[in-house]
Structures are given as C-alpha cells and as structure tokens.
Amino acid sequence: MSTPEPAGSHADLSHGTQTLAVIRDLFLLMRTASSHGPDHPLTRKAASTLAADMKEAAPPFSLQFVGKALFRDTKLLPMDLEAYLNAIDVGNALRNLEANELTVERVPEEGELLRFGIAMARGMAGPSDLLSVTRIDGMKWREIQNVAASDAELVDPGLFVLTQITLALAEAEQMPAGTGEPWPWVKGVSVIRRLERAVAADRAAAIRVIDLAPGEWDVARRAVSAAMDVILVLRSLAVSNATARATAHAVLILGLAGYRPRGGALLALAAEAALPGAMRAPVTSRSGVEPHRLRTSAILHGLAHPGIEGGPRVMPLVDLCYELGKARRAEAVPFDLTRVDLLAMASAQSGRRFDPEWVATLVSVCGVLPPGAFVKLSDGRIGSVIDVGEDGDPLRPRVLVDGRIVVPRDPVSLVSPAVVAAGG
C-alpha cells in the first residue's frame, strides 16, 4: 500500500460522502440479513439502496479497513461518529471473513448483493471462511498482508506467537472434551485461526512455544499441538486454506474427544464419539450449513466409517497427527515423549503404520533437530534449539544456552529431557 493521504479535493470529498453512504448501506444490509434473512422485503430494500449508492460512488474503487481507519483507494476518509461506528462493524465482519480490502469493480445485481449481505452477516457472528467459497460478480476482496496495523506488526513476532498459542490453549481448555455436547464451531475456528497466525508469523517459534510451554501435556494441549502439526504440514505444501483449516479443525475435535490423561481411544472410536456433538451443533447461518463445517464433518464421518471408499485424501495425515498426539503421553510410558521422540517413532513406522509421504513432510517441516529440542554442545554445555543455523546446517542450529543465542562451530548432539531435568 502507498502512503495514505486524506481526501482533500472537491472530487475526493464528493466521493468520500458517497463512499460513506456505501458503508452505511453495507452495515444496514448485513444487519437486516442477519435478523430477517435474504428474502425479507427489508433486506431486499437494503440491497437495492446499496446498489444505487454504489453506482453514485463511481466504481471501480477499493475500500481498505486498516485498524479503526477507513480508506478509499488508499486515501483516508474523514468520518463522523455514525459513519465511524458503521465502518468499525463492517470492518470487523470482513476481518472475520479473512478480508480487509473490498473492491467494487462494477455494481452487482441485487441478487448478488443479497448473497454478499448473507456472507457479511455470517462474519458478524465470528470467524468464518464463507467468503473463500463465495463469488460475487462485480466485487472481490482480499486480506492485505503486513499492513502497519496488523497484529503481527505491532509486537515482536516471538511475542505474537506466544500470545496466539497461549490464547488457543486457553480457548481449547474450555471446549467440551468427548462429552457429547454440541461442538462450538465458532470457537473451534478461532483456535485454528490463532494457530494459523502463529505458524505464519514464525514457524520455528510456534513449534518451540507449543513444545516448551509450562504445564502438563493434558488433553487440550495435545489436541492443539496435533492440530498445529496439520497446519505446519499443509501450509508447507501450499494446500488451500479451506482444506488446511478443515483438516486441522477435525484433528482438534478428534483430540478433545479421543485423548485421555494418558493415551487415548482408537482413531475410529474418537471419530464416532466426536460426530454426534459436531452434527448436533445448531446451524447459525441462514444460508445453511457452512462449507467449512461440511468439509470438517466429512473428514470425521470418513474416519468413523473407514470402510467407505473415496474419503478425503488428508485422512492419512489426520491419522498420523492424532496418533502422535496420543503417543505424547502413552499409557505404557511413565514420562512424556518429546517431538524428537515422536518424529523418530513416526519414521520407524513409516510405510507400515503411517503413510511415508506424510511422515517425510512432517519431519522435513520440523527439521532434524526441531525447535525446543535439548542438545549438547561440543564443550559440554546444554541448550535448547531455537531454529536452523545461518548456513542451514541441521546439526548446527541456533541454540539458546546460558541465556545467549549461539550458532555452534561443531555439530551438536541430542540430549534427553530426563537428563536435563536431572541436572545434566
């Protein structure tokens, strides 16, 4: 984005007034669609008014919602209090739909605007990927990356990752764990999106935080960790956000339904336990069951009925990540396994118990010495891996040792956490 300038010329001021009318109409359309549905006369009247004001605003134009400010074609728009409040609500709904820029190339037909109003109404309720599968003739939208007011730019990336994962863990702790209660879809999506932001901001820090966070590896933490493993793998393969999010969400649900304080249920039994709650949850969108919910439920259904052919292709990855989360606190083992232990176990069973391609991808993403692993330097000091070294040598990673980050001159060796706990 170029440096924003406040609108100043007569044409700018005219366009600004017309643009604020569009914002007001968008606000009224999404509110009316939310309360009355798309077929109500008031909703249709709101769509008709929006179409007329869009024409007056002279497309094409783009609206950017950055922080609490509104821009038209990167020029800051002055607003009175009512317009400001409307812009805040419209911007928040867009952000929940993973967009903060809206472009009007030409005025859509009334039916298309009604569909957009329904999507915006869904964004008012909380995070959703509905816009990712919605096409409106004459309009488009996107998420502006690295804008000055984005969360990740306001704080250090490491602190941002720590915050997102801590909040994800706290939210997961409050979710029903295998109780049969309706699954809270909006809250589940919130957890997954926090993990997505953490991985996007700093993959190594995300692994390090989830593995070294204080506290026990309880059910919620293992479920969140397994869901993050899915995101790590599918993000590295550039799989669509919709598929990655549904797969990670399925693993989160499975972990909370199937894990026990130690060990857990077989994957198929976990899916059977999870399905009733997932299906029982009420549909909050007037347009029907959301695509994300359908994709996630399809994965759960395929796992609960393994004999059905043609299931989602990601199911072997779900199997891998769920089982590694279960093995983190295995019933027959009196201590918790580390990520290195789990990757070694997966590699040993690659091609037999687990799909070799998914195993190879997970190992590649985490690295030979994943962040958080304890290692011994050639001089005998023990530290923890931060991320890969400057030259990319996997055996000479950046290591936090004695309060300093160093890149060892010689290869390091793995150390068991039990040795570290015993004082080296």
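Two strands are taken as paired if DSSP finds at least two bridges between them. The model under discussion is predicted.

1. By that criterion, strands E9, E8, E7, E6 and E10 form an open antiparallel sheet, in the order E9-E8-E7-E6-E10. Its edges are strand E9 (404-406) and strand E10 (413-414), each of which pairs on one side only. Strand E8 (residues 398-401) is joined to E9 by three bridges in the antiparallel sense; within this pairing, leucine 400 has isoleucine 405 of E9 as its bridge partner.

2. An open sheet with antiparallel pairing is also formed by five strands in the order E3-E2-E1-E4-E5. Strand E3 (75-76) and strand E5 (139-142) each have a single partner strand, so one side of each is left without a neighbour in the sheet. Four bridges link strand E4 (residues 101-104) to E5 in the antiparallel sense, and glutamate 101 is placed opposite arginine 142 in E5. Helix H3 (residues 81-96) packs on this sheet, where it touches strand E1 (61-66), strand E2 (69-72) and E4. The direction of H3 makes about 90° with that of E1.

3. Helix H15 (residues 356-366) has a buried set consisting of Trp358, Val359, Thr361, Leu362, Val365 and Cys366. These residues lie on the same side of H15 because they cover an arc of only 165° around the axis. They pack against helix H8 (203-212), helix H9 (219-236), helix H13 (315-327) and helix H14 (339-348). Exposed residues Glu357 and Ser364 are carried on the face of H15 turned away from the buried side.

4. Just after H15, glycine 367 adopts a positive phi of about 95°.

5. How many disulfides does the structure hold? The count is zero. A disulfide is a covalent bond between the sulfur atoms of two cysteines. For cysteine 321, the closest cysteine sulfur is that of cysteine 366, at 9.0 Å, which is too far for a bond; the cut-off applied is 2.5 Å. Cysteine 366 is likewise in no disulfide, its nearest cysteine sulfur being that of cysteine 321.

6. Are these two cysteines buried or exposed? Cysteine 321 is buried, at a relative accessible area of 0%. Cysteine 366 has 3% relative accessibility and also counts as buried.

Notes. Residues are numbered from 1 along each chain as its sequence is written. This is a predicted model: local features need pLDDT of at least 70, side-chain atom pairs count only at pLDDT 80 or more; totals for chains, interfaces and linings use all residues. Side-chain values use heavy atoms; hydrogens and water are left out. Helices (H or I, at least four residues) and strands (E, at least two) are DSSP runs, numbered from the N terminus. Contact means heavy atoms within 4.5 Å. Axes are lines fitted to C-alpha atoms, for helices over the stretch in contact, and angles run from 0 to 180 degrees between N-to-C directions. Buried means under 20% relative accessible area, exposed over 50%, partly exposed in between (1.4 Å probe, protein chains only). The arc is that of the directions from the helix axis to the C-beta atoms.
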